[in-house]
Amino acid sequence: MDFNDTPDEAAYRAQAKTWLDANAPKKAVSDANEGEGGEGGGSMAASKAWQAKKAAAGYAQITWPKEWGGQGGNPIQQVIFNEEEARHPIPPNPFQIGLGMCVPTVATFADQATKDRFVGPALRGEEIWCQLFSEPSGGSDVAAARTKAVRAADGSGDWIISGQKVWTTGAQFSDFGIVVCRTNADAPKHKGLTMFWLDMHDPGVEVKPIHQMSGGSGFNEVFFTDVRVKDSQRIGAIDDGWKVSLVTLMNERLAVGGASGAGWREFMEAARSIPGADGGPVLKDSALREKLADWYVQAEGLKHTRNRTMTALSRGQTPGPESSIGKIVSALMMQDLGNSAVEMLDQYGIIDDPALAPLQAAFHSSVMFAPGLRIAGGTDEILKNIIAERVLGLPGDIRVDKDVAFKDMPTGR
Amino acid sequence: MNFDFSDDQKFLKAEARKFLDANCPTARVRGVLDAPDKAYDAALWKGVVAQGWLGAAIPEEHGGLGLGHLELCVIAEELGRAVAPIPFASTVYFLAEAVMLAGDDAQKADILPKIAAGELIGAIATSEGPGALGPTTLKASVAGGKLSGVKIPVTDGDIADLCLVLAKENGQPGLYLVDLTGAGVTREAVKTLDPTRDAARLIFDAAPAQRLGPTGEGFALLEQINDRAAILLSFEQCGGADRCLEMAKAYALERYAFGRVIASYQAIKHKLADMYVKNELARSNAYYGAWALNTNAPELPVAASAARIAASEAFWFASKENIQTHGGIGFTWEMDCHLFYRRSRQLSLVAGAPRVWKERLVSQLERRNAA
């Protein structure tokens, strides 16, 4: 038991390090916004330039086969590269949803010409993809999608897409998207869906940013008004879109990372500098110390759980189910830790003005962003269902909508 | 990255489980629970001795197997799963570790081979009454090589041959080895929350005592011993917590209520998922402790604290929610749930309560981050 690289891993790390030292940006771009998946704006040019550089050297998607522009490498090599890359002031990465989820989905089902058309530009960061699944009527219940695709009346075989998606990361700067649509409302919900790819620049596509409760706008609503797509843009068979979307969703939990931001260290530093009623640091408070210990233990638990996952990858094994606990633990911890930090300021904690209270900015941001993190990419409740069903082997929930035609399903509001 | 046990260590673990499945089913644990005069399962103890487990981490020159602490960790996990009613922790995690850590050559040569051969049961005696013990409240004292004072509770104090005792000499705290079978020692059994483990009140009246380690360093040395024991105990706790989750899952899958198995209700599914998350966090912290113990890393005190806090929380949660999942039947003496609930209390308290470890952890973090 140790934390060392194997000789192969060490060699790969050295090679990645050398390349990064020579090629990585030396200075950070400064306008990284809130929200995962990276933002557009002024950093986009830097993001695209860095992606192109990585692609040219084979570092853009290390585990992809060589004919796709990867290295045919191991997951552990990708992890090593990511670790080394994170030591440099790299720009945000708005490509991961496309490269991690959308493009592999397209590539799994599409013909060679389509693959040739899309894989390279996506890899080089020339084209950005988004994933259009969640809808106002179905977040956790993705299969309840209502966005419709119907055959065009002109006999061309084309499809006309109408409806609305929501919580789409990166839609505002995406060139293409994969969209799951209702093609048969007479079938039960899982059996009437079809997947398409489409051009996000189509005049029938309208992207509106969502104003989050945290103040930022990292996600979008996307409206489709009679968007015409070719039958060749269909991914997989008609009414078989649920199976196709499972290929995409399999990768989502890996893409939505755990919480970052202020942790136990920042909490301890803040508690050191804030006075309690007796004038001494509030860090002397025993109730607060117990909480600090709990957060340290949770953070360490997650860190070493990741080390166990990496060990499995390093040994060429599939990581165990323990890798599924990351977000469920870190999102709630982010929320509670942030709130305790705010409460330790007593009345002053309510002030959300960096000029008056520079110390708590990170904690306020945790308090206000954590609710979203507990929902994105699988709510706490859905993740617990997943652990219960896939890890522990408990029965799935009773599905009252399983054998009901989609059009007859109760919908509520 | 190689943050896992080796194939050989996993094989040892599988063999340990086979042995304990055959020799320590819960019926055997109940054999101690239901017999007030039975302090431990002597036949199981003999079997464990024959397996060589007591000497797993003791060097070969002292009669052990000379394997290492990682091997001891996997054995500990299996003993925890089995709620084994034997004085393994007292003898191995506390006494043998203390002697290996601070004993002189003569003490090592005398004591370690006897532990490895199963000729000697050990114990550690620190507590003297309610509340955590500190340098100002410690009363037991040594003068002229004789120990006097009262220690309660002493796990396995009823059955141990050799006890490590925290006491003052000329006002300086130290650790002393006392032969419990010799003169000046009176033992009285003490009733505890976990009758599957023995406990006693020890009354010392000028009992011959031999110092272990430097004088005046009693509490510092005790902390080092507790750190090492805490990591091994955390593996017992992980084993127990995992077993509770398995029991809860098995019961939830066979128990019907309102026309379906209760495992199909989200209230139960989410409860079991919560158990799983806590158990994994505890396991990952325990693994880090195992690494620190095996390499004697400078991180050992922090790693031990984290391992103990996470494992205490996981076993407590899993053992109480296992009863809850079972419903009424889980509250009966006949169901095994309470064996784990009781043991979770024993393991959380024996090396000091989690609250005390949390304070220690934060103090360590303060020092580390001040530097």
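Helix 9 of chain A and helix 8 of chain B are roughly perpendicular to each other (angle of 65 to 115 degrees). Their axes come within 8 Å and cross at roughly 80°. Axes here are lines fitted to C-alpha atoms, for helices over the stretch in contact, with angles from 0 to 180 degrees between N-to-C directions. Helices are DSSP runs (H or I, at least four residues), numbered from the N terminus. The model is predicted: local features need pLDDT of at least 70 and side-chain atom pairs pLDDT 80 or more, while totals for chains, interfaces and linings use all residues. Residues are numbered from 1 along each chain as its sequence is written, with chains lettered from A and ligands numbered from 1 in written order.

On helix 9 of chain A, the residues at this crossing include Val297(A), Gly301(A), His304(A) and Arg308(A). Helix 8 of chain B meets them with residues including Glu280(B), Leu281(B), Tyr287(B) and Tyr288(B). By class, this contact has 4 nonpolar, 6 polar and 3 charged residues. Nonpolar covers Ala, Val, Leu, Ile, Met, Phe, Trp, Tyr, Cys and Pro; charged covers Asp, Glu, Lys and Arg; the others, Gly among them, are polar.

Across the whole interface, 36 residues of chain A are in contact (C-beta atoms, placed from the backbone, within 7 Å) with 36 residues of chain B. Helices 8, 9, 10 and 12 of chain A each give two or more residues to the side that touches chain B. Helix 9 gives the most, with 16 residues. This side of chain A divides into 18 nonpolar, 9 polar and 9 charged residues.

How values were computed:
Contact = placed C-beta atoms within 7 Å. Parallel < 35°, antiparallel > 145°, perpendicular 65-115°, else oblique.
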